[in-house]
Amino acid sequence: AKNVSRALSAASDFALAQDKQLHMGACYFTSSLTSALVYRKTKDKTKATAYGFGVAMLAGVIKEVYDIKHGHPDINDILANTIGSSLGVITIRITL
């Protein structure tokens with residue numbers, strides 16, 4: 001029970017951190033927009049999902065590489081990017 005409580009607390013801290021919310025939001029926006037545009041052009045759900053997720057993740061990774069010399073790189077930002085990118089493509093895929 002103590003381990004579950006600690007895990008829930010860590011997850012809550014992660015999800016409530018403003019920086020992580022910004023990463024999730026930016027990747028959600030990027031992946032959902034890209035997915036919608038690719039689907040509109042190709043009518044291919046699989047291609048739209050792959051491009052949406054890939055473009056958003058690529059942007060997030062590029063930002064973290066930039067942060068190595070110009071900011072504060074954080075592996076947890078990649079996790080936040082993955083969550084946002086995944087939710088964005090899922091949202092668009094459900095609506096298709």
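User: What distance separates N and O in the salt bridge of Asp-19 and Lys-20?
Analyst: The side chains of Asp-19 and Lys-20 meet at 3.2 Å, N to O. A salt bridge here means a side-chain nitrogen of Lys or Arg within 4 Å of a carboxyl oxygen of Asp or Glu. Keep in mind that this is a predicted model: local features need pLDDT of at least 70, side-chain atom pairs count only at pLDDT 80 or more, and totals for chains, interfaces and linings use all residues. Residues are numbered from 1 along each chain as its sequence is written, and side-chain values use heavy atoms, with hydrogens and water left out.

User: Are those two buried or exposed, or something in between?
Analyst: Lys-20 is buried, with a relative accessible area of 8%. Asp-19 counts as partly exposed because its relative accessibility is 35%. The cut-offs are under 20% relative accessible area for buried, over 50% for exposed, and partly exposed in between (1.4 Å probe, protein chains only).

User: Which salt bridge does Asp-74 make?
Analyst: Asp-74 pairs with Lys-20 through their side chains, at 2.9 Å from N to O. That pair links distant parts of the chain: Asp-74 is in the loop between helix 3 and helix 4, Lys-20 is in helix 2, and they are 54 residues apart. Helices (H or I, at least four residues) and strands (E, at least two) are DSSP runs, numbered from the N terminus. Asp-74 is partly exposed, at 25% relative accessibility.

User: And what about Asp-77, which residue does it bridge to?
Analyst: Lys-20 again, with the closest N and O atoms 2.8 Å apart. This one also links distant parts of the chain, from Asp-77 in helix 4 to Lys-20 in helix 2, 57 residues apart. Both Asp-77 and Lys-20 are buried. Put together, Asp-19, Lys-20, Asp-74 and Asp-77 are linked in a network of salt bridges.

User: How many salt bridges are there in the whole structure?
Analyst: The search finds four.

User: Which of its residues are buried, and what covers them?
Analyst: The buried ones are Lys-20, His-23, Met-24, Cys-27, Ser-31, Ser-32, Thr-34, Ser-35 and Val-38. Their cover includes helix 1 (2-16), helix 3 (45-70) and helix 4.

User: Take Thr-34. What does it touch?
Analyst: Leaving out residues up to four places away in sequence, Thr-34 touches Tyr-51, Gly-52 and Val-55. Contact means heavy atoms within 4.5 Å. Thr-34 has a relative accessible area of 15%, so it is buried.

User: And Tyr-28, buried or exposed, or in between?
Analyst: Tyr-28 counts as partly exposed, at 33% relative accessibility. Beyond residues up to four places away in sequence, Tyr-28 touches Gly-84, Ser-85, Leu-87, Gly-88 and Thr-91. Its side chain also makes a polar contact with the side chain of Thr-91 at 3.2 Å. A polar contact is a pair of N or O atoms within 3.5 Å; within protein, one must be able to donate a hydrogen and the other to accept it, and residues adjacent in sequence count only if both atoms are side-chain atoms.

User: Which residues make the nonpolar surface patch?
Analyst: Tyr-28, Leu-79, Ile-83, Leu-87, Ile-90 and Ile-94 make a patch of about 540 Å². Helix 4 (residues 75-95) gives the most, with five residues. Tyr-28 and Ile-90 are 62 residues apart in sequence but 9.7 Å apart in space, C-alpha to C-alpha.

User: Last one, the overall picture. How many helices and strands?
Analyst: Four helices and zero strands. The C-alpha trace spans about 50 × 40 × 15 Å along its principal axes. Buried residues make up 26% of the 96 residues.

Technical notes. Patches are made of residues with over 30% relative accessible area and no salt bridge: like charges are joined within 9 Å, nonpolar side chains (Val, Leu, Ile, Met, Phe, Trp, Tyr) within 5 Å. Accessible areas come from the Shrake-Rupley method with a 1.4 Å probe; for residues, only the protein chains shown count as cover.
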